[in-house]
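Work through the exercises below with the sequence and the model at hand. Each task is followed by a solution in steps.

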Amino acid sequence: MFRVLACNRSLAIRRRLATYAAASPTRHDWSREEIQQVFDAPLMDLVFQAASVHRKHQPANKIQLCTLMNIKTGGCTEDCSYCSQSSRYTTPTKASRLVDIEPVIKEARKAKENGSTRFCMGAAWRDLAGRKSGFERILEMVREVRGMGMEVCTTLGMLSPDQARQLKEAGLTAYNHNLDTSREFYPQVITTRSYDERLSTIEAVRDAGISVCSGGILGLGETDADRVGLIWQVANFPEHPESFPVNALVPIAGTPLEKNEPVSYHTLVRTIATARVVLPTTIIRLAAGRNSMQESEQAMCFMAGANAIFTGEQMLTTPCSPWDEDKAMMDRWGLEGMQSFQQLNVARKEQLVPADGV
Ligand code: SF4
């Protein structure tokens with residue numbers, strides 16, 4: 001009797017997953033319970049369905065290669081408890097000033113020559129208030145990198161609608177502003193910036209016509225319900241974010257989370273696969289923590305729907321896998337680098353294809 005019930009339950013889960021796989025690409029009415037059911041499915045079934053969704057909505061052998069550059073390091077007034085750049089913690093990261101334009105151009109050129117099609121610039125500060133000349137310099141960086149034909153992304157803290165508009169005019173493709181975790185767990189991670197302030201910045205970015213890159217970090221001490229809560233939050237945006245980074249915490253000495261246990265690999269895969277099922281046209285970005293993973297573990301993440309990596313010399317403050325190693329790995333698995341603006345919903349936003357173009 002027990003076996004019959006268990007078998008029926010498993011069949012019901014598979015049927016439900018298959019329904020989600022066949023669903024419209026951009027559902028905005030996901031309930032938390034539905035996403036929790038996806039998350040809790042047997043892992044092999046979940047990965048299979050995520051891979052099916054991936055193949056239905058995106059070219060599954062394409063991986064976006066992105067390179068990150070820290071254009072202003074450390075000295076940040078915020079208290080994000082995972083971050084080595086917060087001035088509230090004593091960490092190995094030293095504060096520096098905003099870099100000049102020339103080194104950025106040099107790094108972006110190197111990234112492009114090595115096959116990266118997206119170049120992301122990060123500045124460690126709360127917002128752009130009182131940084132008029134710095135913002136002008138960043139706008140020029142954006143113009144230069146976009147002029148190379150690359151997708152250009154920035155992460156500069158909180159933005160006003162007017163600042164978002166100026167970044168769009170300069171040619172910004174995407175803006176990264178992670179929600180980090182669920183609304184409920186967030187206050188245990190950051191107290192100096194509210195969840196709603198984060199949502200306001202994301203709204204300003206979206207309203208300016210810039211692609212949204214917003215995801216989270218696993219290993220902060222959150223539960224599965226918080227991981228589901230994060231995915232639920234972005235799934236119910238008026239437009240799904242074009243990019244959803246999944247970071248595994250790299251604990252940094254001196255931060256409040258320095259002794260956190262690493263998140264289990266299976267939880268990482270489960271989170272990626274769930275995000276893929278719920279966000280079919282989004283790029284799922286396998287971000288911090290990747291360089292400590294085995295190649296076969298990374299391959300399973302790609303099977304589960306991850307389709308972007310950071311590659312090059314350095315993440316913002318943690319190590320990164322170099323281009324040649326990543327290219328060799330991708331060759332072994334039959335994966336190829338994505339072209340700039342190959343992601344359809346980004347190309348639409350850039351008006352490179354008609355709004356209903358395929
Ligand atoms: S994550 Fe960003 S905002 Fe938070 S402390 Fe680090 S640099 Fe500052």
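**Exercise 1.** Describe how helix H8 packs against H9.

Solution. Step 1: the axes of helix H8 (residues 224-235) and H9 come within 11 Å and cross at roughly 25 degrees. Axes are lines fitted to C-alpha atoms, for helices over the stretch in contact, and angles run from 0 to 180 degrees between N-to-C directions. Helices (H or I, at least four residues) and strands (E, at least two) are DSSP runs, numbered from the N terminus.

Step 2: H8 and H9 are therefore roughly parallel to each other. Angles under 35 degrees count as roughly parallel, over 145 as roughly antiparallel, 65 to 115 as roughly perpendicular and the rest as oblique.

Step 3: the crossing of H8 and H9 is right-handed; the term left-handed applies if the near helix is turned anticlockwise from the far one by less than a right angle, and right-handed if clockwise.

Step 4: Arg-227, Ile-231 and Ala-235 of H8 meet Thr-271, Thr-274, Ala-275 and Val-278 of H9, where contact requires C-beta atoms, placed from the backbone, within 7 Å. By class, this contact has four nonpolar, two polar and one charged residues. Ala, Val, Leu, Ile, Met, Phe, Trp, Tyr, Cys and Pro count as nonpolar, Asp, Glu, Lys and Arg as charged, and the others, Gly among them, as polar.

The model is predicted: local features need pLDDT of at least 70, side-chain atom pairs count only at pLDDT 80 or more, and totals for chains, interfaces and linings use all residues. Residues are numbered from 1 along each chain as its sequence is written.

**Exercise 2.** Describe the packing of H3 with H9.

Solution. Step 1: helix H3 (residues 43-57) and helix H9 (residues 265-278) have axes that come within 8 Å and cross at roughly 40 degrees. H3 is therefore oblique to H9.

Step 2: H3 passes H9 in a left-handed crossing. On the H3 side the contact includes Leu-43, Leu-46 and Val-47, and on the H9 side His-266, Val-269 and Arg-270. Its residues divide into eight nonpolar, four polar and two charged.

**Exercise 3.** Is H4 roughly parallel or roughly antiparallel to H5?

Solution. Step 1: helix H4 (residues 101-113) and helix H5 (residues 132-147) pack at an angle of about 25 degrees, with axes 10 Å apart. That makes H4 roughly parallel to H5.

Step 2: H4 passes H5 in a right-handed crossing. Ile-101, Val-104, Ile-105 and Ala-108 of H4 make the contact with Arg-137, Glu-140, Met-141, Glu-144 and Val-145 of H5. Six of these residues are nonpolar, none polar and three charged.

**Exercise 4.** Which residues surround the ligand, and which does UniProt list for "binding site"?

Solution. Step 1: around the ligand are Cys-76, Glu-78, Cys-80, Cys-83, Gln-85, Ser-86, Ala-124 and Gly-157, a residue being near if its C-beta atom, placed from the backbone, lies within 6 Å. This shell divides into four nonpolar, three polar and one charged.

Step 2: the unreviewed UniProt entry lists Cys-120, Cys-153, Cys-213 and Arg-285 for "binding site". These are spread over 166 residues of sequence, yet they cluster in space, with a largest C-alpha distance of 13.6 Å. Cys-213 has its place in strand E5 (residues 211-213).

Key:
Contact = placed C-beta atoms within 7 Å. UniProt positions renumbered as here; feature names shortened; annotations may be inferred.
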